[in-house]
Amino acid sequence: MKKVSSLYPLPIRIWHWVNALLFVGLAVTGIELRAPGFSLFSQYGTATAVHKYAGFSFIISFLFWLIWGIVTGAMRYYFPRGRDFKEIPHQAAFYLYSIFKGAPNPFSASEREKFNVLQKISYGAVMLILVPAIAITGIMLSDILYFFRSINAIGGLRILDALHVAAAYLLLIFLVVHIYMATLGKTITAYLKNIITGK
Amino acid sequence: MQSRHVFTRYMRSDSIKIIFVLILLLILFPELTHGASVSADVCLRCHAQYKETHHDGTSCTDCHQDVKTVPHARKLEKPACSSCHKDIPATYEKSVHASSNLKCADCHNVHFPDKDKTECVFCHTTVSHRSLPSEKKHLSVLACVACHARVHEGTVDVTIAVKKGKPFTRSDVDLDNNNVVDKDEWSSLLGLIQKDTYTVDTKYASPGDAHSIKRTAVSCDTCHGEKSLFKRGVLKVSGVASFEVPVLPQLFIPKLPSVEQFKKTVHGKRGVKCADCHTSQARIDDQVCVNCHRQTYDVYKNTSHASSGATVCTDCHNPHSVTPYRELNVTERLNVCARCHQDYLKRHSWLPNAALHFNYLECSTCHSPKSTKSIVFYFGLREGTTNKALTYADLRGLFADASDITSHIDINKDRSITSQELSDFFMELKKKDKKDLAVGSSIIVTKVYHDYSSKGTRERVCATCHSEDAPFYESMYLVIPEKEGAAYVPVKGTTLGALPVSLFTDFSLLGEQKIKGRDITNFFKTRGKSRSDFMRGLGLKWIDVLGIALIGIILLAVIIHILGRIIFRR
């Protein structure tokens, strides 16, 4: 494997962990808001406030990622190209089958290609579809009166709420898979070291 | 001799004798020539005490018609006044005096007018007007009949006596020369003459028909309302100038603007009269309200809101604009409190989405813990960020028989609304050109407990309301505007069940979207009819069920993957 000086530059590593923290905070408070049986904070009001401000921070974090990606050109890592799609069966077969036989990962990260095709698809969908969707619906929910017309335009509060929640479940699923797959490196903590040290 | 003989012969004839007597009588008693009547002079020979009697030029026998000859029968019939006063009986029959069996002669003394008892005070020696506001003023300027009898028109005579100063003319008073002194001209006149040099004497003439006296007096608005009985006024100037000019009578009768309004209030509709509360001109105090609202008062008087805030009923309630509390919408209810608590938004800065909350809640939802709260739904049209409730007038035109709107919604007549009935009516209204139709909702107090002293600081628990278990979910009403006012008809089922997502997408409330363990278990357990009811009540929470199921599957896959790695030691 080719030695990469810095697979993940420092700003992106910091962004990743800030984003991760916000993501988990939003997930936990979000669950409390949706399922009152589950409570992290003793006060629902605290959960609401934390969710709201973590949400705004998450949006700022997302905007940083977006601008960084556009300015540095890192955005290209998230878009699968034509020949990438041929790799889908190989990559999937690796995760589902050959990994148990000790076969090497058909993809190795480099300066040119940081993500394999499945990562591109999932990260791309998360960052460019789900996160904007949950951010926009979240902003609307943060001030229902201010966004009243827009809310009615998309079908009303119930629909808005449903969109936000649906995106949230998909993001939760992503989180579970993402965390687990972070352990699928050469060693269990290899990828974790990558995103911490950048190497 | 021949001629004497002839005379004697004639005298012997009986018929001649009779004629002779009659002629003699006519000479002696000329009044007998007037048909069968007897002249007053003849009457007065015996009835000298009636010498001074004058009844508008009538003679004794005009009334005592059964006296044809003198001497007359010992017992005479009572004269019928109505034979001349033809119009009066029709009016009088309906009066309170007629119903008390009073006859003309009980008040009128025809033979001795100075002994008439037509002054009310002859019988009504103690006239208690304690319930009349400004009793002295009213009693000093008005005759009894002004209020107690039928009056066609009243006039105000204003005499202003100006003792000193420059003389002025009519055109100095009636500035616009329109032949009537209005408010501005009256003010200008008082500015023209020097202070303390004039006196104003106002007389109110309201000639009432004393035969029309009713049991109850007219109400205040007869004179003090929009259409005052007093239609004419005359201003008489004396002293340095001397002339007369018409004046607007309203300038001298304080207008009570609330009188018209009052008739539309719940008090007015239920027949409460002005004087029932206004026993004096003093400000209404609680003791007046207590006469009817004792129970409410007993609760309220011991609360801290009563001791340090609104100390009297009228601080919050305007008896002239009082609408039944159940008719008020959330904003109107809020405004009752906001008259004093203007900074309510600032004081609720701790509350997320404070302004949004106040679109749906009234203050007493939190600040009167003992009041019963309910969710109320209403049909409204979207207007900005709120729904403007449809009124009876809005709905009336849409139905052939609009005497009872409820019957158009509650089809099965069980005095409660099911989801189906709600949806059907919603669709029916939508078809009838109500495109912006929406179901509005609010959490309001449906049974008031008059204690507002809770500062609510301990109630800053969102989950009190933002939970499916919030108490008001047990009590849901559809408010239906009816002719007689709002009808609160109970709504069956759960909020989401009653307002299914398939129809009411713009509707969201507090706790009904929260996912519960039982939602997931019932999703797998229910069958048949209860399944469709469950799914209807589940609304968009199927997203949660699906999401949780997917996460479960993913976790299971992860576990299998981990097991695989352990088994193959990778």
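The model is predicted: local features need pLDDT of at least 70, side-chain atom pairs count only at pLDDT 80 or more, and totals for chains, interfaces and linings use all residues. Residues are numbered from 1 along each chain as its sequence is written, and chains are lettered from A in the order in which they are written.

At the interface, 31 residues of chain A are in contact with 34 residues of chain B (C-beta atoms, placed from the backbone, within 7 Å). Helices H2 (44-72), H3 (87-101), H5 (148-153) and H6 (157-181) of chain A each supply at least two residues of the side that touches chain B (helices are DSSP runs of H or I, at least four residues, numbered from the N terminus). H6(A) gives the largest share of this side, 13 residues. By class, the side of chain A that touches chain B has 20 nonpolar, eight polar and three charged residues (Ala, Val, Leu, Ile, Met, Phe, Trp, Tyr, Cys and Pro count as nonpolar, Asp, Glu, Lys and Arg as charged, and the others, Gly among them, as polar).

H6(A) also meets H4(A), residues 117-142; the two axes come within 9 Å and cross at roughly 145° (lines fitted to C-alpha atoms over the stretch in contact, with angles from 0 to 180 degrees between N-to-C directions). Residues of H4(A) including A:Val126 and A:Leu130 meet residues of H6(A) including A:Leu163 and A:Phe174. This contact has 13 nonpolar, four polar and no charged residues.

A:Ser39 is found in the loop between H1 (10-34) and H2 of chain A. A:Ser39 counts as partly exposed because it has 17 C-beta neighbours inside 10 Å (buried is 20 or more, exposed 12 or fewer, and partly exposed in between, with C-beta atoms placed from the backbone). Its C-alpha atom is separated by 8.0 Å from that of A:Thr29, 10 residues apart along the chain.

Technical notes: Two residues are in contact if their C-beta atoms, placed from the backbone, lie within 7 Å.
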